[in-house]
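This briefing sets out selected features of one protein chain, grouped by topic. Please read the points below alongside the sequence and the model.

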Amino acid sequence: MPEINSTEEALRHWSAVAPAWDRYRDRLFESVRSVSEWLVEQVDPQPGQTMLELAAGPGETGFLAAALLGSTGHLILSDFAPAMVEAARRRGGELGLDNIEYRVLDAQQIDLPDSSVDGVISRFGLMLMPEQQRAIAEIRRVLRQGGRCAYATWGPPDRNPWIFQLVLALLQNGLPPPGDAFAPGGLFSLATPESNRALAAGSFADVIVEELTGTMRFDGPDDYWAYNTAVAGPVAELVGSLDRDQVTAIRDTLDPSLAPFERDGALELPWMAVATRVS
């Protein structure tokens with residue numbers, strides 16, 4: 001398993017799944033809507049301010065902020081995958097939001113002037129960046145005096161069976177997803193309050209960390225499989241490369257492991273996010 005999750009690899013993974021993120025945009029947003037609401041509440045967008053969203057995906061979290069900025073405010077909605085930015089642009093147009101600038105930006109090297117935004121939000125993006133210290137320093141640089149950043153990362157595997165059951169089934173069949181899930185750039189690289197406090201401490205004096213929890217609902221094992229193998233970045237790429245026998249073997253491992261999460265004919269799998277506000 002590679003020790004380093006490169007920016008190039010990440011761009012390939014997330015560009016490949018951008019169409020699925022566009023297709024599942026409502027589900028991706030609503031299943032963890034409380035996280036987006038927490039982030040927006042923490043940065044407290046005000047009419048006339050300029051806000052920046054990093055690693056925005058199809059943009060639903062940023063759209064919450066844009067609605068609060070009013071006609072005199074400005075949201076810079078960005079992602080480092082051009083296909084994600086285009087998906088967000090299409091949706092923003094459908095919603096009639098005209099106070100948004102759509103940008104392809106790398107959070108590790110933000111192409112904006114110093115002290116140019118009043119707030120920064122990022123939902124489930126920072127842990128996927130190989131150079132996390134550089135990203136947090138860049139966020140500090142572009143924030144104006146008194147500005148806030150709020151971001152969320154996934155908690156540890158045992159608190160997130162919604163994805164870990166699939167990863168475990170792959171591992172049990174000798175098919176580890178690419179990269180190191182616990183190294184910078186990996187899904188669980190900022191999975192604890194302590195790791196987020198340590199990351200932010202070098203750039204910000206005030207750091208607040210909370211744990212947010214919820215449940216993802218699936219119609220059954222087939223729905224679980226279809227959704228997660230479409231949207232889950234490196235996992236989606238790996239599953240797409242497998243032959244039918246390999247997929248059958250993984251499903252034979254996975255489906256029984258989902259049985260404990262059955263509720264009234266559906267599946268309900270918990271999630272836990274680490275939500276961090278810095279200023």
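Eleven of the 13 residues of strand 8 (266–278) are buried, so this strand is largely enclosed by the rest of the structure. Buried here means under 20% relative accessible area, exposed means over 50%, and partly exposed lies in between, with a 1.4 Å probe and protein chains only. Helices (H or I, at least four residues) and strands (E, at least two) are DSSP runs numbered from the N terminus. The model is predicted: local features need pLDDT of at least 70, side-chain atom pairs count only at pLDDT 80 or more, and totals for chains, interfaces and linings use all residues. Residues are numbered from 1 along each chain as its sequence is written, and side-chain values use heavy atoms, with hydrogens and water left out.

**Strand 8 and its partners**

- Two strands are said to pair if DSSP finds at least two bridges between them.
- Strand 6 (residues 207–218) runs antiparallel to strand 8, and twelve bridges join them; Phe 218 is placed opposite Leu 267 of strand 8.
- Strand 5 (residues 143–154) also pairs with strand 8 in the antiparallel sense, over six bridges. Ala 152 has Ala 275 of strand 8 as its bridge partner.
- Strand 7 (262–263) pairs with strand 8 in the antiparallel sense over two bridges, and Glu 262 has Leu 267 as its bridge partner in strand 8.
- Strands 7 and 8 form a hairpin with two residues between them. In its turn, Asp 264 has a positive phi of about 55°.

**Strand 4 and its partners**

- Six of the seven residues of strand 4 (residues 117–123) are buried, so this strand too is largely enclosed by the rest of the structure.
- Strand 1 (residues 50–53) pairs with strand 4 in the parallel sense over three bridges, with Glu 53 opposite Ile 121.
- Strand 5 pairs with strand 4 in the parallel sense over six bridges, and Ser 122 stands opposite Tyr 151 of strand 5.
- From strand 4 the chain passes through helix 7 (residues 132–142) to strand 5 in a right-handed β-α-β crossover. Right-handed means that, with the strands pointing away from the viewer, the path from the first strand over the helix to the second runs clockwise.

**Thr 50 in strand 1**

- Thr 50 belongs to strand 1 and counts as buried because its relative accessibility is 14%.
- Beyond its neighbours within four places in sequence, Thr 50 is in contact (heavy atoms within 4.5 Å) with His 74, Ile 76, Ser 116, Val 117, Asp 118, Gly 119 and Arg 144.

**Loop residues**

- Asp 44 lies in the loop between helix 4 (33–43) and strand 1. Asp 44 has a positive phi of about 55° although it is not a glycine, and it is partly exposed, with a relative accessible area of 42%.
- Phe 124 lies in the loop between strand 4 and helix 7. Phi of Phe 124 is near 60°, a positive value in a residue other than glycine, and at 12% relative accessibility Phe 124 counts as buried.
- Pro 130 is located in the loop between strand 4 and helix 7 and counts as partly exposed, at 22% relative accessibility.
- Pro 130 and Asn 160 are 30 residues apart in sequence and 21 Å apart in space, C-alpha to C-alpha.

**Helices 11 and 12**

- In helix 11 (residues 233–240) the buried residues are Gly 233, Val 235, Ala 236, Leu 238 and Val 239. These buried residues pack against helix 1 (7–16), helix 8 (161–172) and helix 10 (221–231).
- Helix 12 (residues 244–258) has 15 residues and reaches 21 Å from its first C-alpha to its last, close to the 21 Å expected at 1.5 Å a residue. The expected span is 1.5 Å times one less than the number of residues.
- Ile 250, Arg 251, Leu 254 and Leu 258 are buried in helix 12, and the buried residues of this helix pack against helix 8, helix 10, strand 7 and strand 8.
- At the start of helix 12, a side-chain oxygen of Asp 243 comes to within 3.1 Å of the backbone nitrogen of Asp 245.

**Record annotation**

- UniProt lists residues 47–153 for "domain: Methyltransferase" in an unreviewed entry; positions are given in the numbering used here, feature names are shortened, and annotations may be inferred rather than shown by experiment.
- Over residues 47–153 the chain is 33% helix and 31% strand, with the end C-alpha atoms 28 Å apart.

Note on methods:
Polar contact = N/O pair within 3.5 Å; in protein donor to acceptor, adjacent residues only side chain to side chain.
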